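This briefing is meant to be read alongside the sequence and the coordinates. It starts with the interface and then turns to each chain.

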Amino acid sequence: MGVRIGVLDLQGDVSEHLLAFREALALAGRDRGSSVVPIRSAGEITGCDGLAVPGGESTTIARMVDRKGMRKPILEFPGGIFATCAGLILLASAVEDDRRFSPLGILDVTVRRNAFGRQRESFEQDLRFQGEDEPFHAVFIRAPVITRTGARVRILARIPRGIVAVAQERHLGVAFHPELSRDRRLHLKFLEGLQV
Amino acid sequence: MKLEELRFGTELLKRGFASMQKGGVIMDVVNADQARVAEEAGAVAVMALERVPADIRKAGGVARMADPARITEIMEAVSIPVMAKVRIGHFVEAQVLEALAVDMIDESEVLTPADEQFHIDKTKFTVPFVCGARDLGEALRRIREGAAMIRTKGEAGTGNVVEAVRHMRNIMGEIRALQGRSRQEMADRARALEAPVELVIECAERGRLPVVNFSAGGIATPTDAAMMMQLGADGVFVGSGIFLSSNPSRMARAIVEAVHHYDDPKAIADASRDLGEAMKGLDIHLLAKEEVLQTRGR
């Protein structure tokens, strides 16, 4: 059956997310009748089965969410949310040492922004993923890290410096950028979890 | 690649950083207060400078990398990425900025060039670079040297968008003209552009530059910014246009709004209301030849 994925199009690597989800749907043989669409206004959120909150500048994206009245429709969104890097910060319950914006509190986690330092410290690394035999190639760009997880949260991947991937109900939150590497396993996992 | 092994400064990390800036506004700032105003308005990054380009024009003399104390002050004031400029070819200024851990280095024609033959070999750095370009050849030569992001040059410090428009139209038009050509014709074109044929083919296939392409050099109003987005920019740099306007905080926010709603004239109209005076600006045709910045570095 067709599935509709919305990618929050406020700022950041939106086109990479659109492309990654289109590839994943094709790999799953579910591209017919499905659509992956950019979401630019609050009214477009409800029609989707899944929502992706892309990477970008979390401060900028958070401000746009509020200016465009998207906070409430995202909080009330019944489908799954795929949150990447800045998106993970936006969906967290708390952000360490940052009072400039209040995160949405959809994922029961605390995150630390720019946990590894500045761009010079951005890195690529192969990760062990829970339930996967093959490692996952992860691209960390000025990435956050998860410093606390609540009871409902499953930890999917961690590195010595902290937790970098989690699941909670139908939501996925990752500190790195799966849309920038070729591997579509995480997108496929998210699509399966939507149970559309 | 072994598990646990970390890789830094790869092409993917550099271009990926630029991708995270897309749809955003990068603002020139000269101190911590301005940086905070920019961040508050929704800038995706700030460019730390000693003077904004219009003031560099007025000051005359040799324009160089900003004082590290100034750059550090700005880095400490905000959590968004901080970029800074080096002179074309001045690889030691770039080494210094990398040591300071700025997030991106702009090898910029706004400063006085340090080398008239070579640009910096940007592949030797961990920090990504953005470079200016007026046409496809310049853009692809910079990408070959390792630039992770391109910005059209425009004419900095004029508050006049005409050159930014010219350069964006040049690049997008030259890419459109490649499409439908045979590989032989593209190889021929690559020779004329003094650029690698693989990059020329990639442009033709994707209908755009292989890296993120922002617009810069003369954007002074929300409508200027939205026009550059409609012409194909992935985002905009605003130099003098914000802090030389009469109400920088409102102008900054309005330009952020206009970049987001670039295809919605009504939203751009709302963003443009009651902004006060935009920067005064200069007629490009009245600039003396030696005052033109865009011809520096080719």
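In this predicted model, the area buried between chain A and chain B is about 3500 Å², and carbon and sulfur atoms give 51% of that area. On the side of chain A, the residues that lose the most area to chain B are Arg118(A), Arg120(A) and Glu124(A), which together account for 21% of what that side buries.

**Interface**

- Counted by residues, the interface brings 42 residues of chain A into contact with 45 residues of chain B.
- The size of an interface is often expressed as the accessible area that is lost when the parts come together.

**Chain A: fold and packing**

- The secondary structure of chain A consists of five helices and twelve strands.
- Chain A has a radius of gyration of 15 Å, close to the 16 Å that the globule rule gives for 196 residues, so chain A is as compact as a globular protein of that length.
- Taken along the principal axes, the box filled by the C-alpha atoms of chain A is roughly 40 × 40 × 35 Å.
- Of the 196 residues in chain A, 62% are buried, with buried meaning under 20% relative accessible area.
- When the contacts in chain A between residues at least 6 apart in sequence are considered, 67% of them join residues at least 24 apart.

**Chain A: surface and charge**

- Chain A exposes about 7500 Å², and carbon and sulfur atoms supply 47% of this surface.

**Chain B: fold and packing**

- The secondary structure of chain B comprises 13 helices and nine strands.
- For chain B the radius of gyration is 18 Å, close to the 19 Å that the globule rule gives for 298 residues, so this chain, too, is as compact as a globular protein of its length.
- The C-alpha atoms of chain B occupy a box of roughly 55 × 45 × 40 Å, again taken along the principal axes.
- Buried residues account for 59% of the 298 residues in chain B.
- Among the contacts in chain B with a separation of 6 or more, 67% are between residues 24 or more positions apart.

**Chain B: surface and charge**

- The accessible surface of chain B is about 12100 Å², of which 48% belongs to carbon and sulfur atoms.
- There are 38 positive and 44 negative side chains in chain B, and the centres of these two sets lie 4 Å apart.

Terms used: Residues are numbered from 1 along each chain as its sequence is written. Chains are lettered from A and ligands numbered from 1 in the order in which they are written. This is a predicted model: local features need pLDDT of at least 70, side-chain atom pairs count only at pLDDT 80 or more; totals for chains, interfaces and linings use all residues. Side-chain values use heavy atoms; hydrogens and water are left out. Helices (H or I, at least four residues) and strands (E, at least two) are DSSP runs, numbered from the N terminus. The radius of gyration is taken over C-alpha atoms; the globule rule is 2.2 Å times the number of residues to the power 0.38. Buried means under 20% relative accessible area, exposed over 50%, partly exposed in between (1.4 Å probe, protein chains only). Contact means heavy atoms within 4.5 Å. Accessible areas come from the Shrake-Rupley method with a 1.4 Å probe; for residues, only the protein chains shown count as cover. Lys and Arg count as positive and Asp and Glu as negative; His and the chain ends are not counted. The place of a charge is taken as NZ of Lys, CZ of Arg, CG of Asp or CD of Glu. Buried area is the accessible area (1.4 Å probe) that two parts lose on being put together, summed over both.
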